[in-house]
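User: I would like to learn how to read a few features of a two-chain model, with the general idea placed before each case. Could we go through them in turn?

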Number of protein chains: 2
Amino acid sequence: MGELLVVGSVALDSVKTPFGEVDEVVGGSATFFCTAASFFTDVQLVAVVGEDFSSDHLAVLARDRVDLTGLERKPGRTFRWKGEYSYKLNEAKTLDTQLNVFETFHPVIPESYRTPSQLFLANIDPELQMLVLEQVQRPSVVALDTMNFWIEGKIAGLRRVLKEADILIINDGEAQALGDNRNLVQVARIIQSWGPKTLIIKRGEYGVVMFHGGTMFALPAFPLDQLKDPTGAGDAFAGGFMGFLASAPTPDEASLRQAVVYGSVMASFAVQSFSTDRLAAVTQEEIAQRYEAFRELTTF
Amino acid sequence: MGELLVVGSVALDSVKTPFGEVDEVVGGSATFFCTAASFFTDVQLVAVVGEDFSSDHLAVLARDRVDLTGLERKPGRTFRWKGEYSYKLNEAKTLDTQLNVFETFHPVIPESYRTPSQLFLANIDPELQMLVLEQVQRPSVVALDTMNFWIEGKIAGLRRVLKEADILIINDGEAQALGDNRNLVQVARIIQSWGPKTLIIKRGEYGVVMFHGGTMFALPAFPLDQLKDPTGAGDAFAGGFMGFLASAPTPDEASLRQAVVYGSVMASFAVQSFSTDRLAAVTQEEIAQRYEAFRELTTF
């Protein structure tokens, strides 16, 4: 049986929030994704780091169920991102981006990764997302993320990948930009007509709404009394979502809804610390407890 | 048995949204509240209008289960509000406010209204809210709304009414201003310590979160493919919420949660037209159907 393959970024993040500040901690979409997914399934990582990525940094990625065969080390420096959040925690202000080795990232899928059961294409150039798809046997589920930069600059390439995708996971502003429409129900119909049967729209502190075929599912985010850093919440969501889905017998409506809850559970842990500190240390029991807390939060 | 008493405003609204425009249609907090509540229980209205409030206007308020004994007609013009919404529908831009007869509103509770089972104090001066409380026998449930204007200008008076209240229903920005804190869980603890055991925070298109004692309940708003005018959504929510609660045997946790859903059902109809056009014309069957649609939307 194949595994869950993710292609994305590994970065060194410097982040300031009203609750603290960290310098060059391990971040990036693939990092948060793998950490969250590894609680549910085996994960294969494809990403690139520079020569400055230390053994301490590597230790953050190295987990029992994470295969690092596809982590390429290239001459140069690791991708760096510096950002700041105000009290309105759902909007990061980017202070500095240094793509470094990520700028020429050209994902090569190792031989042992070429029959994934599920594939998550994190937010990278749609042409690279397509390149990944061409290197693997068609997985049973292909999901992807993207961002306004590609929506504005590479819409044709993005539409080509979307045609091949089962699931698109993006935030509300991106969905509105992609569908060129403010109404999410109308946006969903437009995007679904382009390929992905399932559209998952992340709304930060307000939760998630999923459009799957003709159905809708909405889940509020878990109200927390302490948040530290929202960085990576969306990728932790995707990791929990895809990880659970990979462990489910079939990606049917019921599994997709449960996957949205597990994704939200992992995101709720991710925001409780900087980097993956809290997320990585969570226990299966804590995951089960928060899943039940979501049920209590939403049942009537 | 007593009834549901509401004290609030009746206005003539001129509203422009991306989906149309209306001139001097019947609006105001008490109007939306009564219309929504009347599907669940008998409602007693206390409000003031001017000499220009026509029989056509009155016909909008006059409903089978709405008692208009407390609708005072005073010399002068009816309260007028003029506002505009951009595509970001959760923020109204006020273009003009003419308080007119509402400026000197001094609610007098008719004899026949003095033993209400439940009381909703819509958004008016906290001192007037207190004045209403003093005129009635203590109802089993007292709920109130307020706004930033009173939070900033009359906090002492507001704190006095809050001490007497069971339920506070406000939007998220108001809750954050009142609790002087961005975190809603912390805000809830602060406001609960001042009196109301139940805090309901409206988040516009994102739905509602309720803090009741030590529990939390969150409900997304219903994703609609057509919205016309968000004016009155919050008051229609309060009307559906209080109306259902008045019809429930006890205001326990289960009833409160169902009341939040019925409130959200009525709000979802209110935004589908200008004024109360859609809300007033809804059927019991449509209410039941949308309640079930909320269940499908949120169940996992």
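User: In which sense do strand β2 of chain A and strand β6 of chain A pair, and over how many bridges?

Analyst: A word on the model comes before that: it is predicted, so local features need pLDDT of at least 70 and side-chain atom pairs count only at pLDDT 80 or more, whereas totals for chains, interfaces and linings use all residues. Residues are numbered from 1 along each chain as its sequence is written, while chains are lettered from A and ligands numbered from 1 in the order in which they are written. In general, strands of a sheet pair through backbone hydrogen bonds, either parallel or antiparallel. Strands here are DSSP runs of E with at least two residues, and helices are runs of H or I with at least four, numbered from the N terminus; two strands pair if DSSP finds at least two bridges between them. Strand β2 (residues 11-17) and strand β6 (residues 80-85) of chain A pair in the parallel sense over five bridges, and A:V15 stands opposite A:G83 in β6(A).

User: Which strands form the open sheet of chain A, and in what order?

Analyst: Four strands form it in the order β3-β2-β6-β7, with mixed pairing. Its edge strands, β3 (20-27) and β7 (92-98) of chain A, each pair on one side only.

User: At what angle do helix α9 and helix α11 of chain B pack?

Analyst: Axes are lines fitted to C-alpha atoms, for helices over the stretch in contact, and angles run from 0 to 180 degrees between N-to-C directions. Helix α9 (residues 253-270) and helix α11 (residues 284-298) of chain B pack at about 115°, with their axes 9 Å apart. That makes α9(B) roughly perpendicular to α11(B), a term for angles of 65 to 115 degrees. Residues are in contact if their C-beta atoms, placed from the backbone, lie within 7 Å; among those making this contact are B:V261 and B:V265 of α9(B) and B:I287 and B:F294 of α11(B).

User: How many residues of helix α6 of chain B are buried?

Analyst: A residue is buried if 20 or more other C-beta atoms, placed from the backbone, lie within 10 Å of its own. By that count, six of the eight residues of α6 (172-179) of chain B are buried, including B:L178 and B:G179. What covers the buried residues includes α4 (148-153), β10 (167-171), α7 (184-193) and β11 (198-202) of chain B. Just after α6(B), B:D180 takes a positive phi of about 50°.

Terms used. Parallel < 35°, antiparallel > 145°, perpendicular 65-115°, else oblique. Contact = placed C-beta atoms within 7 Å. Buried ≥ 20, exposed ≤ 12 C-beta atoms within 10 Å, placed from the backbone.
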